[in-house]
Amino acid sequence: FSIAAAYNSTNMIFRSDTYILDSFNYSRWAINPADMIADSLLRDMRASGLFQAVFSRYEADEGRFLISGGIDEFYLLTDKSHKTAFISITIALRDTREKETGKSIMFQKKYVREEPLQESSPRGYCQAASQAMRVISQQIISDIYAAVKTAVQSTTSNP
């Protein structure tokens, strides 16, 4: 997973204005959000039971389908009336058996989610971001499963 340069750190970024990004002085993510999101999606895909196997980028095994992604935005949106965790991720799914680039890309889709904070604190931000990622993860897994199922069915009917 890649991440936009503005969010490529362990800083907990917040935005109170369209053109201004800032970060908390004393609160940070444990790891870079790109790794955190990739690991969460890997965990959720494995736990779904929908796939024969799901490999991480660190494993030597390779599957037929390859997922790549990028975090476009990852921040706490603050205004006078409320605070929300904002996540925007773009996912692409590719069939490695297809040699032509145009045919190998099965889909590319952007997932966006805002989740309100229940508690106005860095902890509340973590909880809201986790909930936003849970929803996005379910959507991604559903879309990947549908695309993989269609590809596998068309392969078995047209060898």
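Strand 2 (11-17) is joined to strand 3 (residues 20-28) by a hairpin through two residues; helices (H or I, at least four residues) and strands (E, at least two) are DSSP runs, numbered from the N terminus. The model is predicted, and local features need pLDDT of at least 70, side-chain atom pairs count only at pLDDT 80 or more, and totals for chains, interfaces and linings use all residues. Residues are numbered from 1 along each chain as its sequence is written, and side-chain values use heavy atoms, with hydrogens and water left out.

Strands 2 and 3 run antiparallel and are joined by four bridges, where pairing of two strands requires at least two bridges found by DSSP. Aspartate 17 stands opposite isoleucine 20 in strand 3. Strand 2 also runs parallel to strand 4, with two bridges between them, and arginine 15 stands opposite leucine 77 of strand 4.

Aromatic pairs (ring centres of Phe, Tyr or the six-membered ring of Trp within 6.5 Å; planes under 30 degrees apart stacked, over 60 edge-to-face, the rest tilted) number six by this rule. The rings of tyrosine 7 and tyrosine 75 are stacked, because their centres are 6.1 Å apart and their planes are at 20 degrees. This pair links distant parts of the chain, with tyrosine 7 in the loop between strand 1 (2-3) and strand 2 and tyrosine 75 in strand 4 (residues 65-78), 68 residues apart. Both tyrosine 7 and tyrosine 75 are buried, that is, under 20% relative accessible area, with exposed meaning over 50% and partly exposed in between (1.4 Å probe, protein chains only). The rings of phenylalanine 14 and phenylalanine 24 have centres 5.1 Å apart and planes at 40 degrees, so this pair is tilted. Phenylalanine 14 belongs to strand 2 and phenylalanine 24 to strand 3, ten residues apart. Phenylalanine 14 counts as buried at 19% relative accessibility, whereas phenylalanine 24 counts as partly exposed at 23%.

Tyr7, Tyr75 and Phe86 form one aromatic cluster. The charged end of arginine 15 sits over the ring of tyrosine 75, 5.1 Å from its centre; the criterion is NZ of Lys or CZ of Arg within 6 Å of the ring centre and within 35 degrees of the ring normal.

Beyond its neighbours within four places in sequence, isoleucine 89 is in contact (heavy atoms within 4.5 Å) with residues including Phe1, Ile37, Ile71, Tyr111, Met133 and Ile136.

Salt bridges (a side-chain nitrogen of Lys or Arg within 4 Å of a carboxyl oxygen of Asp or Glu) number seven. Arginine 57 and aspartate 35 form one of them, at 3.1 Å, N to O. Because arginine 57 lies in the loop between helix 1 and strand 4 and aspartate 35 in helix 1, the pair ties together parts that are 22 residues apart in sequence. Arginine 57 is partly exposed, with a relative accessible area of 43%, and aspartate 35 is partly exposed, at 32%. Aspartate 95 and arginine 64 meet in a salt bridge at 2.8 Å, N to O, and both residues are buried.
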